[in-house]
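Here's a quick briefing to read with the model open beside you. Take the topics in any order you like.

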Amino acid sequence: MIAVSACLAGIACRYDGKDKEITKIKQMVENGEAIPFCPEVAGGLEIPRNPAEIVGGDGKDVWLDRARVMDNQGLDVTEEYKNGASLTLAKMKELGITQIIMKEKSPSCGSCAIYDGTFSGKIKDGTGVAAALFQMNGIKITSEFTI
């Protein structure tokens, strides 16, 4: 059993209230081969919500208290992102899940690319908050782009 970012499985949980369905991933969930998770929703964020980006670094820096997750209205949502990542990790460990397919560019799920924190649409190398925590705990992350 593996985990997947819920939006990739067709669940409308993104900040904009939409999904980013990938048919193959949705079928994996429907066939009982994967379990969907959304760390942002697990952390208590609403659907829809204001877009957020990591300011001052990436997800690893958030865990080291060197960066924050801010929404486009200036609201600090770092704790929601950290709590959601921690809760998701705990559930994955409980279920024995050691691999997850994640949504790139997300401030939570990006495994190698995230927005740069300026809300300008620019992308930079880096991990999201949940992806960083999962990597630090030995969870294998696969990007949606390799599916």
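What follows is a short tour of the cysteines, a helix pair and a few loop residues.

Keep in mind that this is a predicted model. Searching the whole structure turns up zero disulfides. The helix pair to look at is H4 and H5, whose axes come within 9 Å. There's also a cis peptide bond, between Ile47 and Pro48.

**Cysteines**

- Cys13 is buried, because its relative accessible area is 5% and the buried class covers anything under 20%.
- Cys112 isn't in a disulfide either, and its nearest cysteine sulfur, in Cys109, is 13 Å off.
- With a relative accessibility of 43%, Cys112 comes out as partly exposed.

**Helices H4 and H5**

- H4 covers residues 78-95 and H5 covers residues 129-136; their axes cross at roughly 40°, so H4 is oblique to H5.
- As for handedness, H4 passes H5 in a right-handed crossing.
- On the H4 side, the residues that meet H5 are Tyr81, Lys82, Ala85, Ser86, Thr88, Leu89 and Met92.
- Their partners in H5 are Val129, Ala130, Leu133 and Phe134.
- Sorted by type, the residues of this contact are eight nonpolar, two polar and one charged.
- How much of H5 is buried? Six of its eight residues are, so H5 is largely enclosed by the rest of the structure.
- Those buried H5 residues are Val129, Ala130, Ala131, Ala132, Leu133 and Phe134.
- Just past the end of H5, Gly138 has a positive phi of about 80°.

- Asp61 sits in helix H3, which takes in residues 59-63.
- Is Asp61 buried or exposed? Its relative accessibility is 16%, so Asp61 counts as buried.
- Setting aside neighbours within four places in sequence, Asp61 touches Gly56, Arg66 and Ala67.
- Asp65 is in the loop between H3 and strand S4, residues 68-71.
- The phi of Asp65 is positive, near 60°, and this residue is not a glycine.
- Asp65 counts as exposed, because its relative accessibility is 56% and the exposed class starts over 50%.

**The loop between S6 and S7**

- Thr118 belongs to the loop between strand S6 (113-115) and strand S7 (123-125).
- Thr118 has a relative accessible area of 48%, which makes it partly exposed.
- Phe119 has a positive phi, near 55°, without being a glycine.
- At 33% relative accessibility, Phe119 is partly exposed.

**The cis proline**

- Which residue does Pro48 share its cis peptide bond with? The partner is Ile47, and omega is about -10°.
- Pro48 falls in the loop between helix H2 (39-42) and strand S3 (52-55).

Conventions. Residues numbered from 1 in each chain as written. Predicted model: local features only at pLDDT ≥ 70, side-chain atom pairs only at ≥ 80, totals over all residues. Heavy atoms only, no water. Disulfide = S-S within 2.5 Å. Buried < 20%, exposed > 50% of the residue type's maximum accessible area, 1.4 Å probe, protein only. Axes fitted to C-alpha atoms, helices over the stretch in contact; angles between N-to-C directions. Helix = DSSP H or I, 4+ residues; strand = E, 2+ residues; numbered from the N terminus. Parallel < 35°, antiparallel > 145°, perpendicular 65-115°, else oblique. Left-handed = near helix turned anticlockwise from the far one by under 90°. Contact = heavy atoms within 4.5 Å. Nonpolar A, V, L, I, M, F, W, Y, C, P; charged D, E, K, R; others polar.
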